[in-house]
Amino acid sequence: MITVTDALAIPEEELAERFILAGGPGGQNVNKVATAVELRFDARRSPSLPPRVAARLLALASHLASNDGVIVIKASRFRTRERNRADARERLAALARAAAEPPPPPRRPTRPTRASRIRRLDAKTRRSRIKAGRGRPSADD
C-alpha cells in the first residue's frame with residue numbers, strides 16, 4: 001500500500017510491476033539481471049482515487065500517462081531491484097500527493113490605483129523634461 005495522504009492510499013492490487021534490463025553502470029550484472037522497474041498504475045479506473053484527484057494526477061503526469069489513463073514510471077537509477085522498486089513507488093506517491101492538494105484559487109486581475117497612475121505619469125513627464133533639456137541649444141538661445 002502506498003500512502004499518499006492521511007485519508008488517501010493506493011492499494012497494492014492497483015499496481016503492476018515489471019522488471020526489465022537497465023542500462024548504465026553495473027558491469028556484466030546489467031546484462032544478466034533485470035533490476036529496472038516499470039510501475040504501472042491505472043489512474044483513470046482507480047477506485048481508490050476520487051475523480052478530481054485522478055484527473056489532476058493525469059494532468060500532472062501527462063508525460064508519463066498513456067492515452068487510456070495508465071501512468072508508467074520507469075526506475076533504473078539504482079543497481080538493486082529493491083531500491084528501484086522503492087524509487088518508483090515514491091515517485092508515484094509524490095505525484096499523487098501533488099494531485100491531492102486542491103488547486104489554488106484563480107488569480108483575480110487587479111487594476112492600478114488612480115494615485116499610482118498619476119505618479120507614473122508625473123515621473124514620465126519629469127524624465128521627459130530632463131531629457132529634453134539635454135539637446136543642443138537652439139539658434140534663439
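Contact is taken here to mean heavy atoms within 4.5 Å. In the predicted model, residues 24 or more positions apart account for 57% of the contacts with a separation of 6 or more.

The chain comprises four helices and five strands, arranged from the N terminus on in the order β-β-β-α-β-α-β-α-α. Its radius of gyration is 29 Å, well over the 14 Å that the globule rule gives for 141 residues, so the chain is more spread out than a compact globule. Along the principal axes, the C-alpha atoms fill a box of roughly 95 × 40 × 30 Å. Of the 141 residues, 28% are buried. The accessible surface amounts to about 10400 Å², and carbon and sulfur atoms contribute 53% of this area.

The largest nonpolar core contains 24 residues, among which Ile 10, Phe 41, Leu 57 and Leu 92 touch the most other members. At least two residues of this core are supplied by each of β4 (36-42), α2 (51-60), β5 (70-75) and α3 (81-100). The largest share, six residues, comes from α3. When neighbours within four places in sequence are left aside, Ile 10 is in contact with Met 1, Ile 2, Val 4, Leu 15, Phe 41, Ser 48, Leu 92 and Ala 96. Two of these partners, Phe 41 and Leu 92, are themselves listed with Ile 10 as the core members that touch the most others.

Ser 48 is situated in the loop between β4 and α2. Apart from neighbours within four places in sequence, its contacts are Leu 8, Ala 9, Ile 10, Pro 11 and Glu 14. Ser 48 and Ala 75 are separated by 27 residues in sequence and by 23 Å in space, C-alpha to C-alpha.

Thr 35 is located in the loop between α1 (28-32) and β4. Its relative accessibility is 10%, and because residues under 20% are classed as buried, Thr 35 counts as buried. With neighbours within four places in sequence left aside, Thr 35 is in contact with Ile 20, Ala 22, Arg 79, Thr 80, Arg 81 and Asn 84. Of these partners, Arg 81 and Asn 84 fall within the range of α3 (81-100).

Technical notes. Residues numbered from 1 in each chain as written. Predicted model: local features only at pLDDT ≥ 70, side-chain atom pairs only at ≥ 80, totals over all residues. Heavy atoms only, no water. Rg over C-alpha atoms; globule rule 2.2 N^0.38 Å. Buried < 20%, exposed > 50% of the residue type's maximum accessible area, 1.4 Å probe, protein only. Areas by Shrake-Rupley, 256 points an atom, 1.4 Å probe, with all protein chains shown as cover. Core = buried A, V, L, I, M, F, W, Y, C linked by side-chain atoms within 4.5 Å.
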